[in-house]
Amino acid sequence: MGLEYGKCRNTSKMDSWKTLLLLAYQSLGVVYGDLSISPLYVYKSTFAEDIHHSKTNEEIFGVLSFVFWTLTLVPLFKYVFVVLRADDNGEGGTFALYSLICRHAKVSLLPNRQVADEALSTYKLESPPETKNYSRVKHLLEKHKSLQTALLVLVLLGTCMVIGDGVLTPVISVFSAVSGLELSMSKEHHQFAVVPITCFILVCLFALQHYGTHRVGFFFAPVVLVWLLCISTLGLYNIFQWNPQVYQALSPYYMYKFLKKTRKSGWMSLGGILLCITGSEAMFADLGHFTYTAIQVAFTFLVYPALILAYMGQAAYLSKHHNMDTSYQIGFYGSVPESVRWPVLVVAILASVVGSQAIISGTFSIINQSQSLCCFPRVKVVHTSDKIHGQIYIPEINWVLMILCVAVTIGFRDTKHMGNASGLAVMTVMLVTTCLTSLVIILCWHKPPIIALAFLLFFGTIEALYFSASLVKFLEGAWLPILLALILMTIMFVWHYATIKKYEFDLQNKVSLEWLLALGPSLGIARVPGVGLVYTDLTSGIPANFSRFVTNLPAFHRILVFVCVKSVTVPYVPPAERYLVGRVGPPAHRSYRCIVRYGYRDVHQDIDSFESELIDKLADFIRYDCDRTNATSSCREDDGPQSGDSTGECRLTVIGTVAFSGQPAYEGDEIVKPESISIGFQTVESVTDIIEMEPVHVERRVRFAFDDSEINMCSEMDMQVQEKREELEELWAAKEAGTAFILGNSHVKAKRGSSLLKRAAIDLGYNFLRRNCRGPDVALKVPPASLLEVGVVYVV
């Protein structure tokens, strides 16, 4: 279940098979919890009202045929053989597809993109010779801003439906499992027992989320394994006991007979049949925790056969029991022999809890990704495991989900409405995945557009058929995911839009480097001891909030660092490539820029380790800068301002764990973390970045001394060594004096003359969200005692 299993490499073929089987086993509890419990409610939802079971068995055989081919075409063919290959450095999900597309075509709306980001080792691009059709599609997307916005809306729609599924799946899973009590009590008692018991289980499930899934994760896989063996055994029993000829219903001819007989009511019943593939998206979304082969093996050789046997067994039982006066007899528990009904009930409830846990964890993960890409208001993210990457807990979202789940349980009270709502959410996510995968086939895999079109038409038609059957039941429960999606999409799009407008305002109002260098005693400006970390979204230039700070408080710190924490459209940024460090102005000014890059699945560090690490990276940069200037001329033209660079900044350097290019030329006794060897890169905003080459993950104790071959170097070098030593001493002294965190406290308002929609989005929507979500100081975990906030009014 942990990432450590996915990264291990074994030289022994036997060991690799053991690792693969272990990963496949662990994936059962994480990936297949939701998919495996669908037999609890598929037949019951399908035969709710639209169609009725007759003695000819045409209806039940037709439903079985639909279930078989839907499971075969969508989870097996689409996901296992195609979509799982569209991974982003081993990661899957909606944002992984969007990330791949953004890297192969300039369609991302994130404003702080740098060309140097393309040098990241995780920024993988497939670049065979470009075809005419490939270039045409790419050019079309890059040229039209409306298409880029539509693509983002499509991604946000899929994301919102996943969150909506996080509300609906726990409800229908637990409710369907608990409904087994109806066979053991009267209808009156059952009516007043199932809903409270379901609500109690859901409240307990959400109340335990803060402990983290890793604490009970070892329990997940055995539960799902026992459940799969249980339903497959029951399926075999019912097939041989009631109707061994049920296998004939697997022929697609029975689908034709079903639709011919039932007509409109049969089409409407597809909204219940599609529930057999709920949870299929988890195979792709949870790909990062396992491997493609492990998920493929688990589904192909265990989950898929077990589900087919379970559905065939239920159909065999129903084919010999036509006198169904109550709906629960059509459900799963009607086909369970009375002697084992209670053990099966217990296992079913446990399996439903596991399936619910998987979708809840997935909801936390996708909200964290949305937040990383500036598409969701800031919320508290707690990392519940030090060993397993990506296991998180979001308190606010957890309690909102719990309230919504309980409300849906009490409001709907039946599987039919829950199934209609869940089915629409599931099919929307699948349609979004199909559309994005079609773009990946063209832009990333460089296949002919006809292949992408064939993929889109074939799977899109199947999913659109099911989607229409769900949508027609709008008043019977399908309205709920649409309402949730509209609310969430409005929140996400408003937040993303305002974030981009704020960045554009910062870009237009940034201060020149000359203004910063002119600040000094002549203007009454003092440099005080300590380190000042000025947080900004800009990757170049002096932010307006700093000028406001100096205007109101005519002093700033001896060591000044402009810090930009940004997200890159990759899942992970290796620690050795995370920090881009450079100077702002000449060395004597003691001003620096540090760009800290995170992927959309990266774990952000707490402020204590971040502060210390940032100071260490600055020290490493000073040592590397001395080594670089000694190896060449200290006044090289390309170290200064670049032509066309209005910021006048020196180039940025990737500071990581790699070896020095030469012998350091000054003395010291520190244990120095090895540095990076770099080359220049031009960025989007004309900042020259330096990217890392040749990593060597070793630490060494360095005694800085003059090399014999350098004895005859000019006295200028001695002066440079002394200057670097003084710069390091000032850095350590400033660290001891303390660190201040300077953040902007922004108020955003729309320009005069803006449209009514824009004023409502900015003045009402965004400012309401900003006031009611966590502030940037809380999101960045800044200690209150060290916080300096500067008020800034953004007119966008």
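This is a predicted model: local features need pLDDT of at least 70, side-chain atom pairs count only at pLDDT 80 or more; totals for chains, interfaces and linings use all residues.

**Entry 1**

I began with arginine 103, which forms a salt bridge with aspartate 88; their closest N and O atoms are 2.8 Å apart. I then checked where the two partners sit: arginine 103 is in helix α6 (residues 94-104), while aspartate 88 belongs to the loop between α5 and α6. The two are 15 residues apart, and the pair links distant parts of the chain. As a reminder to myself, side chains of opposite charge can pair when their charged atoms come close.

The mean pLDDT of the protein is 80, and 81% of its residues reach 70 or more. I marked two stretches where pLDDT stays under 50. One is residues 1-12, for which the model has 26 contacts beyond four places in sequence. Another is residues 631-648, with 23 such contacts.

**Entry 1: the overall picture**

I counted up the parts next. The protein has 25 helices and 13 strands. It contains 796 residues, and 58% of them count as buried. The accessible surface comes to about 32700 Å², and carbon and sulfur atoms hold 62% of that. I also looked at contacts with a separation of 6 or more: 82% of them are between residues 24 or more positions apart.

**Entry 2: more salt bridges**

How many salt bridges does the structure hold? I got 15. I picked out lysine 261 and glutamate 58, whose side chains meet in a salt bridge at 3.6 Å, N to O. Lysine 261 is in helix α11 (residues 253-268) and glutamate 58 is in helix α5 (residues 58-81), so I noted that this pair links parts of the chain 203 residues apart. Lysine 261 counts as partly exposed at 39% relative accessibility, and glutamate 58 is also partly exposed, at 22%. Both belong to a network of salt bridges that links Glu58, Glu59, Lys257 and Lys261.

I then turned to lysine 416 and glutamate 476, which form a salt bridge with their closest N and O atoms 3.1 Å apart. Lysine 416 lies in helix α17 and glutamate 476 in the loop between α18 (449-471) and α19, so the pair ties together parts that are 60 residues apart in sequence. Lysine 416 is buried, with a relative accessible area of 13%. Glutamate 476 is partly exposed, with 27%.

**Entry 3: the nonpolar cores**

Which residues touch the most other members of the largest nonpolar core? I found Tyr32, Tyr43 and Trp227, in a core of 169 residues. Helix α14 (residues 292-319) gives the most to this core, with 18 residues. Apart from it lies another core, of 27 residues, and I noted Tyr598, Phe610, Leu614 and Ala734 among them.

I took a closer look at tyrosine 43. Leaving aside neighbours within four places in sequence, tyrosine 43 is in contact with Ile60, Val63, Leu64, Tyr311, Gln314, Ala315, Leu318 and Ile330.

**Entry 4: tyrosine 25**

Tyrosine 25 lies in helix α2 (residues 13-31). I found it partly exposed, with a relative accessible area of 33%. Beyond four places in sequence, tyrosine 25 is in contact with Ala221, Pro222 and Leu225.

**Entry 5: a nonpolar patch on the surface**

I went looking for nonpolar side chains on the outside. Phe474, Leu475, Trp479, Leu483 and Ile487 form a nonpolar patch on the surface, with about 500 Å² of accessible area together. I followed up on isoleucine 487, which is in helix α19 (residues 479-508). Isoleucine 487 is partly exposed, with a relative accessible area of 44%.

**Entry 6: two positive phi angles**

My last stop was the backbone. Cysteine 374 has a phi near 60 degrees, a positive value in a residue other than glycine. It lies in the loop between α15 (341-372) and β1 (382-383), and at 28% relative accessibility cysteine 374 counts as partly exposed. Arginine 413 is not a glycine either, yet it has a positive phi of about 65 degrees. I placed arginine 413 in the loop between α16 (395-412) and α17 (415-443).

Technical notes:
Residues are numbered from 1 along each chain as its sequence is written. Side-chain values use heavy atoms; hydrogens and water are left out. pLDDT is the predictor's confidence in each residue, from 0 to 100. Contact means heavy atoms within 4.5 Å. Patches are made of residues with over 30% relative accessible area and no salt bridge: like charges are joined within 9 Å, nonpolar side chains (Val, Leu, Ile, Met, Phe, Trp, Tyr) within 5 Å. Accessible areas come from the Shrake-Rupley method with a 1.4 Å probe; for residues, only the protein chains shown count as cover. A salt bridge is a side-chain nitrogen of Lys or Arg within 4 Å of a carboxyl oxygen of Asp or Glu. Helices (H or I, at least four residues) and strands (E, at least two) are DSSP runs, numbered from the N terminus. Buried means under 20% relative accessible area, exposed over 50%, partly exposed in between (1.4 Å probe, protein chains only). A nonpolar core is a set of buried Ala, Val, Leu, Ile, Met, Phe, Trp, Tyr and Cys residues joined through side-chain atoms within 4.5 Å.
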